[in-house]
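Biologist: Could you take one residue of this model and look closely at the part of the chain around it? Please state the cut-offs behind each term as you go.

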Amino acid sequence: MRFRVLGPVRLHPRTPAAAKPRAVLATLLVRGGTVVSSEALIDELWPDEPPRTASSTLHVYVCHVRKALAESGAGRPLVSRAPGYLLHVEAGELDLRLFEELSERGRAEVREERYAAASRTLGQALDLWSGPALSGIPQGVVLRSAATRLEEQRLGVLEQRIGADLKLGRHDELTGELMELAVEHPLRERLHCQLIVALHRSGRASDAVRAYRAVRRSLHEELGIGPGPALTRLHERVLGGAGSGPASGAEHRHGPASRAHRRTA
């Protein structure tokens, strides 16, 4: 894996030492093999007010990236292409591309109800991460947006992997992980649904009730809304004593609810 952006931005085996050349590299990588204009790179590096020497300084940074690529055995994949630059990345060289490929394969396995395979595949996708995406570099609009999007994708894949594990009856071993995730993401309802399902199936009904009350309180205090339909159904049918039937699908059926229809009185 030559290029890594799912964590600190790295180029194997030699990463540019300075942060701004790494930001140039990262911007070219997240733009997915398309030409990035010099103007866009300048805006990314100096979002407030670029210096008068911005164009020449950008050229220096590009030279630093090219030197690092050459020393890393990548040849000359960074080319000048009007109105800016294009970075060629081969298959298997970028962790982001592999993450996306594994994620799509895992989702297909979930749809096919091949939950053991899905758990392995989605776990492999998550193992590619070594920290917050695109970390260790200054971020302008493009990189901040990409980092936010990638974190959302990571959480979505994590929820899918947990859903597959719940289908495999691994609720006991999931409760600790889910309790930590619920603290880290107090407003992410699907994770809380999965926590409640895991606790309920593990015979921890009182803990499941407390978990529901905690997310309901967080949603009300932070967003002024009540729980969405999936959480509400789970509370009424599972925690209300109707048995474990709804839990078999709640971890997959949860979807975004319109917050406009969930405003609390």
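Modeller: The residue to start from is Glu177, which lies in helix H7, where helices (H or I, at least four residues) and strands (E, at least two) are DSSP runs numbered from the N terminus. This is a predicted model, in which local features need pLDDT of at least 70 and side-chain atom pairs count only at pLDDT 80 or more, while totals for chains, interfaces and linings use all residues. Residues are numbered from 1 along each chain as its sequence is written, and side-chain values use heavy atoms, with hydrogens and water left out.

At 27% relative accessibility, Glu177 counts as partly exposed; buried means under 20% relative accessible area, exposed over 50%, and partly exposed in between, with a 1.4 Å probe and protein chains only. Leaving aside residues up to four places away in sequence, Glu177 touches Leu158, Arg161 and Ile162, a contact being heavy atoms within 4.5 Å. The C-alpha atoms of Glu177 and Ile162 are separated by 9.5 Å, and these two residues are 15 apart along the chain.

Glu177 is also where H7 bends by about 30°, the bend at a residue being the angle between axes fitted to the seven residues ending there and the seven starting there. The 14 residues of H7 (residues 171-184) should span 20 Å at 1.5 Å a residue, and the end C-alpha atoms are 19 Å apart, which agrees; the expected span of a helix is 1.5 Å times one less than its number of residues. Buried in H7 are His171, Leu174, Thr175, Leu178, Leu181 and Ala182, and the buried residues of this helix pack against helix H6 (141-167) and helix H8 (189-201).

On the H6 side, Arg161 has its place in that helix and is buried, with a relative accessible area of 12%. Again not counting residues up to four places away in sequence, Arg161 touches Leu174 and Glu177, and also Ser119, Leu122, Gly123 and Leu126. H6 itself has 27 residues and reaches 39 Å from its first C-alpha to its last, close to the 39 Å expected at 1.5 Å a residue, and just after H6 Gly169 takes a positive phi of about 75°.

Elsewhere, the structure holds two aromatic pairs; rings of Phe, Tyr and Trp (its six-membered ring) pair if their centres lie within 6.5 Å, with planes under 30 degrees apart counted as stacked, over 60 as edge-to-face and the rest as tilted. Trp46 and Tyr61 form a stacked pair, at 6.2 Å centre to centre and 25° between the planes. Trp46 lies in the loop between helix H2 (38-45) and helix H3 (54-71) and Tyr61 in helix H3, so the pair ties together parts that are 15 residues apart in sequence. Trp46 is buried, with a relative accessible area of 13%, and Tyr61 is buried at 17%.

The rings of Phe99 and Trp129 have their centres 5.6 Å apart and their planes at 75°, so this pair is edge-to-face. Phe99 lies in helix H4 (residues 95-111) and Trp129 in the loop between helix H5 (115-127) and H6, so the pair ties together parts that are 30 residues apart in sequence. Both Phe99 and Trp129 are buried.
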